[in-house]
Amino acid sequence: MPRLIFLGAPGVGKGTQASRLAQNLGVPHISTGDLLRAAVSQQTILGVKAQAYMDRGELVPDELVVSMIEERLKEADSQAGWILDGFPRNVAQANVLEQLLASLSQHCEHVLNLEVPVEVIVQRLLHRGRADDTEAVIRNRLAVYQAQTAPLLAFYQARHQLRTINGNAPIEQVAEDLKHILQRSPD
Ligand code: AP5
């Protein structure tokens with residue numbers, strides 16, 4: 001039963017690869033960024049609270065994101081596996097996820113970490129042009145990643161779940177590399 005987490009800085013290709021892989025494996029692609037953007041566009045209570053943080057490229061407060069992901073992981077389609085993209089985003093979220101999965105008798109097999117040089121990321125995102133893809137906000141998202149999300153690499157390395165992949169290659173090549181990694185047994 002595939003349960004995978006995509007980790008990596010903004011713009012490394014987490015969403016691109018997670019959505020392809022989810023389709024191939026027949027499990028839901030659960031992106032906290034997509035869920036939050038949907039909430040913002042529907043102007044739900046969550047969306048109204050989250051918008052200012054997202055506009056600045058800051059993390060949305062943990063309590064908002066955690067309850068959102070908790071609900072999503074309890075839905076029927078998540079029982080056959082899932083691919084998380086954009087969650088967890090800091091050590092507190094990772095600890096909550098670990099407890100949540102234990103309570104659901106679920107286990108994440110691999111944490112897939114895509115790596116891409118910073119200047120390649122900036123060019124990719126400027127080219128994409130989402131609302132939070134202005135240069136100032138991109139650079140803040142990258143700084144937030146370094147300060148708050150990068151410590152998760154050591155967190156998952158210590159649990160022997162971390163697999164690092166070069167994301168600075170054509171989309172098809174990255175997908176192939178991911179496929180090979182997933183065929184290998186855990187350390
Ligand atoms: P989120 O939506 O998660 O954005 P992000 O992490 O900044 O990631 P991106 O979507 O920018 O990049 P990606 O790695 O998915 O790359 P993609 O495949 O799109 O979060 C947005 C905001 O929501 C956060 O800032 C925060 O406010 C909030 N948030 C979300 N989760 C949260 C959480 N857990 N806690 C608190 N707050 C949270 O690709 C990028 C571009 O590159 C695309 O144009 C794509 O076509 C292109 N591309 C992809 N792969 C390649 C390749 N191999 N070669 C060339 N181009 C490529």
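The structure is a predicted model. Its ligand sits in the largest pocket, and the shell around the ligand comprises 31 residues. Among the elements of that shell, helix H2 supplies the largest share, four residues.

**Ligand shell**

- Of the 31 residues around the ligand, those that come nearest are Thr 16, Thr 32, Glu 58, Arg 141 and Ala 169.
- By residue class, the shell contains 13 nonpolar, nine polar and nine charged residues.

**Polar contacts and burial of the ligand**

- At Thr 16, a polar side-chain atom lies 2.5 Å from an oxygen atom of the ligand.
- At Arg 37, an N or O atom in the side chain is 2.9 Å from an oxygen atom of the ligand.

**Pocket and contributing helices**

- The pocket that holds the ligand is the largest one.
- Two or more residues of the shell come from each of helix H1 (14-25), helix H2 (32-42) and helix H6 (118-128).
- The contribution of H2 to the shell is four residues, the largest share.

**Asn 90**

- Asn 90 is placed in the loop that lies between strand S3 (82-85) and helix H5 (91-103).
- With a relative accessible area of 10%, Asn 90 is classed as buried because this value is under 20%.
- The side chain of Asn 90 reaches the backbone nitrogen of Ala 92 at a distance of 3.3 Å.

**Ala 50**

- Ala 50 belongs to helix H3, which spans residues 45-56.
- The relative accessible area of Ala 50 is 0%, and therefore this residue is buried.
- Ala 50 and Pro 61 are 11 residues apart along the chain, and their C-alpha atoms are separated by 8.0 Å.

**Gly 167**

- Gly 167 occupies the loop between strand S5 (162-166) and helix H9 (171-183).
- Gly 167 has a relative accessible area of 3% and is therefore buried.
- In sequence, Gly 167 and Lys 14 are 153 residues apart, whereas in space their C-alpha atoms are 9.0 Å apart.

Note on methods. Residues numbered from 1 in each chain as written. Predicted model: local features only at pLDDT ≥ 70, side-chain atom pairs only at ≥ 80, totals over all residues. Heavy atoms only, no water. Near = heavy atom within 4 Å. Polar contact = N/O pair within 3.5 Å; in protein donor to acceptor, adjacent residues only side chain to side chain. 1 Å grid on protein atoms, 1.4 Å probe; cavity = no way out; pocket = protein on both sides within 12 Å on 5 of 7 lines; lining within 4 Å. Sits in = over half its atoms within 2 Å of the grid points. Nonpolar A, V, L, I, M, F, W, Y, C, P; charged D, E, K, R; others polar. Buried < 20%, exposed > 50% of the residue type's maximum accessible area, 1.4 Å probe, protein only.
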